[in-house]
Every structure is written in C-alpha cells, then in structure tokens.
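Please have a look at the sequence and the model, then read on.

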Amino acid sequence: MGLGARIPVRKRGFLARGAVGIVVVVGLVLAAGGCGGGGESGDGRLSVGVLLPGGGASRFGQFDRPLIEAKLKELCPGCSAVVAATPDPAVQRQQLEAMIVRDVDVLIIAAVDPQLLHPSVEAAHRAGIPVVAYDRLAQGAISGYVTFDGATVGRLQGEALLKAMGPRASGGQIVMMNGATTDPNAGWFKRGALSVLEGKVKIGKSYDTAGWRPENAFVNMKGAIAALGAGNIDGVLAANDSLAGAVISALNATEVRPLPPVTGQDADLAAVQRIVRGDQYMTVYKPYKPAADAAVEMAVALGRGESVASIATGSVDNGTTEDIPAVLLPSVSVTVGNIKDTLVKDGMYSISEICTPKLRSACEDAGLIR
C-alpha cells in the first residue's frame, strides 16, 4: 500500500490565512534568473525553489504552477524563485540537489518518488533549507505539508461508485485500479475507498499501477477483463482521471457493453468531457488555489524564519519526522449533474471549453447548454 499506509493525521479546525506571494523566475536551468542566489537579504527577499512532478498538460503544469506563481507574486514582488518540473524521479533528485547548491532559502516539493528523494531532502535540511511538501508527503525532515485529505478522496470515490452501481452495489464485483506504491497518497486514497467498499462489493482484481502510468493501467484492465469476464465487472475504482481514461480505453477495446461506472480524480478536462458523454461516472475535484496559497504561505513564513502554526490545520507523520504542520484540504465529488455548480462556477473550465461541437448534444442533455 506504499508510504501512504503510514500517515497518521491529526486535525484541528481550519484557520484563516493571510495573503502570500512571490515573483517567479521560471526555468529548468537552475542558474537562471531572479535576484541572485539563495540567502535572505536584509529587505526580506527570498529565493524559493519549486519542484513539481509534471509540467505542460499535466495537472501540475496547467493549474498548480500558475497558481503558485500568482500567489508568490502577490506576497513578495522582490523575491525570486526557480520552478523545475519533471516526471522522472532521478531527474527531480538532480534538480533538488542543484537547488541546494544554488542555496535557495526554502523549497516547495511535490515529490515524484518520496523515498528516492529522501537523502536529498535530508541534505537540504543540513544546509538549513526548510522544505514544504506539496500534494505528496516527502520523506525526511519536512517543515510543512499541504495536500488534500486522501481518506476523503478515497471515500468520495467509493461512495460514488456504490451509488452508480445501484442494485449491484450489494455483492457486485469491481476492479480497483490504484496508484503507484511510490506515491504515499496512493495508499491513502486506497484505504479511504476500502473503508466504504469492503463488505459491500467483491473486489475481483486490485492493481497498484506502476508510475501512475496510463499504459500500465490499460494492460492491467485488459488482464482483469480476461480473468473476470467482460460481463462480470460491475464497476471500476480508478484512482485518478489518467487511469480512468486508460481503463475506459481497455473496456472499449474489448467491447464491454454497457460500460460499468468508472471513478476518477483531478477533474481533468478530458475526464469532464467523458463524464458528459457518459463514459466516466465521476471525478474528484480538488480546488487547487487553496492548496497553492497554503504552500506559498508556509514557504514564505519558513523562509523568513517564522512559525507556520497559524497556517496549519493539523499535523502528520511521514515515518521519519513527527508532528509536521499540515494543511489538509477538502475535495468535491463531481458527476454530470453538478459540473456547472462546481468546475464552471469556480472558473476551472468554461462551458465552451467543455462543450466542444462534438459534445453539443450531450451537453444539452446535461443541462450545460441550451
């Protein structure tokens, strides 16, 4: 179940947080840009390193990165930062070590592989550089953590799947397409889902998807169909939208009809469009702005040598460090009936982005357009 199996969480009520921000000088070449190297200057300027597990069309490239940049700019126009993005754990470790050499004041890290990054996180700690773990709980001496409550995400997926299965929710057979064991969140999601599903449905097959890679989920799903039979799968618990897309592709490739309900997570545009078409039942929407805001608030406070106690809503342990101040944010279940009241209302997508000409009829049926 991965590192996520060892995340004890202690919560307290959500606290109001002040505004935070920094101007970001973006680049994968860590010697680039900004106000020079690390070390806080007398006027409070900071050098901030931001490491993300994906860029471009990924969730982190589309949403997290620009939100982090905007919040940084709001708080500290005189500060500088370097943003590096890669899905390769070895490359991310090199990026982190380069930022230590650069002597940044503070780091925000969404780890590709928390275990592989552990020695480099410890090196940052020895160098006096605080680390804020973002989205995924890194190993080592972490000074703060911001994420969405993984148990809630899993419960939302499990509850939605049972609802979609209808009468088959009692004794029906499902496939679980979980995330990568190297990601501590994957085990968290899995346990949350199982807390709802166990004792109600039969789990015919359960997979931990290496690297969260859709191609691995596709192969696994085809194997599940071959082993269980096309007509004997009543639902699929897919841990995120990329895996959901691969699961649906495998179901279509083997001509499974009707498609069983499939869950997801991240509210990817392609997944929202699959929900409108009726191919995917639900996704979990995680409002990214509060997460980005909290991570930047923690990073700036830590970079200035201040406490993050007033920002944190609870604390977590990562197996190497106890009582890490944490912000654990809520998530929202999205189905075809509440797309307008959630994703569109929050400005994540416009109706025109969702409702392409090919989806016009389905969007009309969903009440998104007239």
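The buried residues of H4 pack against strand S6 (144-148), strand S7 (173-178), helix H5 (184-197), strand S9 (235-238), strand S10 (283-285) and strand S13 (332-334). This is a predicted model, in which local features need pLDDT of at least 70 and side-chain atom pairs count only at pLDDT 80 or more, while totals for chains, interfaces and linings use all residues. Residues are numbered from 1 along each chain as its sequence is written, and side-chain values use heavy atoms, leaving out hydrogens and water.

Helices (H or I, at least four residues) and strands (E, at least two) are DSSP runs, numbered from the N terminus. Contact means heavy atoms within 4.5 Å. Buried means under 20% relative accessible area, with a 1.4 Å probe and protein chains only.

Of the 16 residues of H4, 12 are buried, so the helix is largely enclosed by the rest of the structure. Among them are Gly150, Leu156, Leu161 and Met165. At the start of H4, a side-chain oxygen of Asp149 comes within 3.1 Å of the backbone nitrogen of Ala151. Just after H4, Gly166 has a positive phi of about 60°.

Now to the cysteines. A disulfide is a pair of cysteine sulfur atoms within 2.5 Å, and the count by this rule is 2.

| Disulfide | S to S distance | S-S torsion and hand |
|---|---|---|
| Cys76 and Cys79 | 2.0 Å | 55°, right-handed |
| Cys355 and Cys363 | 2.1 Å | about -100°, left-handed |

Cys76 and Cys79 are both buried, and Cys355 and Cys363 are both buried too.

How values were computed:
Buried < 20%, exposed > 50% of the residue type's maximum accessible area, 1.4 Å probe, protein only. Polar contact = N/O pair within 3.5 Å; in protein donor to acceptor, adjacent residues only side chain to side chain.
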